[in-house]
Amino acid sequence: MIRKTTVDDCPIIDLGQIQNRAGNITVVEGNDLIPFKVKRVYYLYDVPGGAERGGHAHRKLYQLIVAASGSFDVKLDDGNLKKLVCLNRPSEGLLVKPGIWREIVNFSSGSNCLVLASELYDEKDYIRIYRKFLNYKKSNAPKV
Ligand code: TYD
C-alpha cells in the first residue's frame, strides 16, 4: 500500500520514439508502457526561473511525468530515501506511484512538464503537509 512505496518504485520509462526527418513522435497508448489507464492530462508551462512546483504526495494517484520540452528535476521522497531525477527527453517518463512526496524544480526556460494521471482531479487525494506525509509513512494508521 502507499505507506510502503519507495523512491525505487518510481522508474524512468522509455516511451520510445517514431523517428521521421520532419520530427519525432512519442505515443503513450493503453496500458502497454505504464501501469495505469490515463484519465487526465495536465501540463505546467511558463514556470518562472527558480520556481518550485508540486510539493505534495497523493494517496491513490499514479502519474507519469514527461519533459515534453526543456528540462527540470523531480525530487522524490518516500519519507526515508530521497532521489533527484533529471528529466530532459520527451521520449522518457518518470512513473510516480502513490505515497511518494514529489517536488519539481530547476525548470529550464520554455520547458513544458506534461503529466499523465490515473485519476480525475480530487483535492482529497492530496497530502500537502510534509509532516502529515511523514507521519503517515511511518505509522500504521490507515488514514492521514
Ligand atoms: P497543484 O496540483 O497544487 O499544483 P502544484 O503542486 O504544481 O503547485 O494545482 C494547482 C492548482 O490547480 C490547484 O488550485 C488545483 C488546480 N488544479 C486543478 O483544478 N486540476 C488539476 O488537474 C490540477 C493538477 C490542478
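**Notebook: strands and ligand shell**

I started with β5 (residues 72–77) and β8 (residues 101–105), which pair in the antiparallel sense over five bridges. For me, strands are DSSP runs of E, at least two residues, numbered from the N terminus, and two strands pair if DSSP finds at least two bridges between them. Within this pair, Asp77 stands opposite Trp101 in β8.

A caution to myself: this is a predicted model, where local features need pLDDT of at least 70 and side-chain atom pairs count only at pLDDT 80 or more, while totals for chains, interfaces and linings use all residues. Residues are numbered from 1 along each chain as its sequence is written, and side-chain values use heavy atoms, with hydrogens and water left out.

Next I looked up the sheet. Its five strands run in the order β6-β5-β8-β3-β10, open and with antiparallel pairing. I found β6 (82–87) and β10 (126–127) at the edges, each pairing on one side only.

Then I turned to the ligand. Around it I listed Arg40, Tyr42, Arg53, Gly54, His56, Tyr121, Tyr126 and Arg128 (near means a heavy atom of the residue within 4 Å). Which strand gives the largest share of this shell? It is β3, with three residues; β2 (40–45) and β3 (53–58) each supply at least two.

Last, I checked distances from ligand oxygen atoms to side-chain N or O atoms. I noted 2.6 Å for Tyr126, 2.8 Å for Arg128 and 3.0 Å for Arg53. Taken alone, the ligand exposes 530 Å², and the protein buries 59% of that (Shrake-Rupley method, 1.4 Å probe).

How values were computed. Polar contact = N/O pair within 3.5 Å; in protein donor to acceptor, adjacent residues only side chain to side chain. Helix = DSSP H or I, 4+ residues; strand = E, 2+ residues; numbered from the N terminus.
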